[in-house]
Amino acid sequence: MNIRSLTRGDGVVIGAAVVLFIASFLNLTSAPSCSGQFCPSVDAPNAWDSLSLLMSMYLAGIIGAVLVVVGRSLPQPKKVAGLDLTQFGVAFTVFAAWTAFWTIIDAHGSGAGMILGLIATLALAAAAVASPLVGALKAPLMGTPSPAAPQPYGYPGAPQPAGGYGYPGAQQPYAAQPGDPSLGGQPGAQAQPFGAQAPAADVNKDSQAQPAAAAPAGDFAPFWFAVPVARPLYAEDGSPTPIAELAPGTWYLAVDQRGPGLVAQTQDGRRGVLQDTTGIQRG
């Protein structure tokens, strides 16, 4: 599970499930108004005294919330009978809200447990359904940490950052720097922003130079990048099924460019195409 892939909508789902669990211990009915010594003693039950209501409303909502959060946190969707966990979870939350609505209408004097349970199930179902649709709820629950500024390649006395694969500046045999002649770059060349065209060669300088001495325009230099939100990584053969999910807060290596997208490599060595490069942060 990737906690950083959770959205604000998932946070609302988790909060509503906690409120629903608390409401299950509160009274389902309100005490009748009575005064005097002849008032009967009233033992107000809670949800745990009614197995049918507990299962169909309170536990159904909590189970639905767990399925929604777990289903959206997994890098690969888990399917049961053709439906993934998130779809099962949404169905559970809607069923819990429907049960709570008709139960409170049919009740004679609803207590705090029933009223709070209705509010929690309605909020739970609304957040579960609207999270993939509303932009404010699709925002990440946890912000992406700002990476440390990388040191220039070969800077004398520059501290080497700790950590292996997945950190900008870690020495990798395939992470060529723009100015490293041993890895195919030109000495003194400046790194270009992603998507920028390489500068045209000056025809007036050193017309006798060998053609192989200058790198052709459009050469791709591998670089580290991070995504602002969780994004799918598709197979290089064009398959529509994602092979992995790039998570915010983790550095990935871009090894090639595929049209408007990037060919990225994950920490476990898998390679795929990142089609949406909007807002990526270079290391």
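Guide: Before we start, one term: a crossing counts as left-handed when the near helix is turned anticlockwise from the far one by less than a right angle. Also, keep in mind that this is a predicted model.

Visitor: Which handedness does the crossing of H2 and H3 have?
Guide: Helix H3 covers residues 85–106, and its axis runs 7 Å from that of H2. Look at how H2 passes H3, and by that definition the crossing is left-handed.

Visitor: Are H2 and H3 roughly parallel or antiparallel?
Guide: The two helices pack at an angle of about 155°. Angles over 145 degrees count as roughly antiparallel. So H2 and H3 are roughly antiparallel.

Visitor: How many charged residues sit in the contact of H2 with H3?
Guide: On the H2 side, the contact includes Ser56, Ala60, Gly64 and Arg72, and these face a set from H3 that includes Phe88, Phe92, Thr99 and Thr103. Sorted by class, the contact has 14 nonpolar residues and nine polar ones, and the charged count is one.

Visitor: What about H2 and H4, are they roughly parallel or antiparallel?
Guide: H2 spans residues 51–73 and H4 spans 112–130, with axes that come within 11 Å and cross at roughly 30°. Angles under 35 degrees count as roughly parallel. H2 and H4 are therefore roughly parallel.

Visitor: How many nonpolar residues does the contact of H2 with H4 have?
Guide: H2 passes H4 in a left-handed crossing. Among the residues making the contact are Leu53, Met57 and Tyr58 of H2, along with Met114, Leu118 and Leu124 of H4. By class there are four polar residues and one charged, and the nonpolar count is nine.

Visitor: Over to the strands. Is Leu274 buried or exposed?
Guide: Leu274 lies in strand E8, residues 271–274. Beyond its neighbours within four places in sequence, Leu274 is in contact with residues including Phe225, Val227, Leu246, Leu262 and Ile280. The relative accessible area of Leu274 is 0%, and the cut-off for buried is under 20%. So Leu274 is buried.

Visitor: How far apart in space are Leu274 and Arg258, C-alpha to C-alpha?
Guide: In sequence, 16 residues separate Leu274 and Arg258. In space, their C-alpha atoms are separated by 8.7 Å.

Notes:
Residues numbered from 1 in each chain as written. Predicted model: local features only at pLDDT ≥ 70, side-chain atom pairs only at ≥ 80, totals over all residues. Heavy atoms only, no water. Axes fitted to C-alpha atoms, helices over the stretch in contact; angles between N-to-C directions. Helix = DSSP H or I, 4+ residues; strand = E, 2+ residues; numbered from the N terminus. Parallel < 35°, antiparallel > 145°, perpendicular 65-115°, else oblique. Contact = heavy atoms within 4.5 Å. Nonpolar A, V, L, I, M, F, W, Y, C, P; charged D, E, K, R; others polar. Buried < 20%, exposed > 50% of the residue type's maximum accessible area, 1.4 Å probe, protein only.
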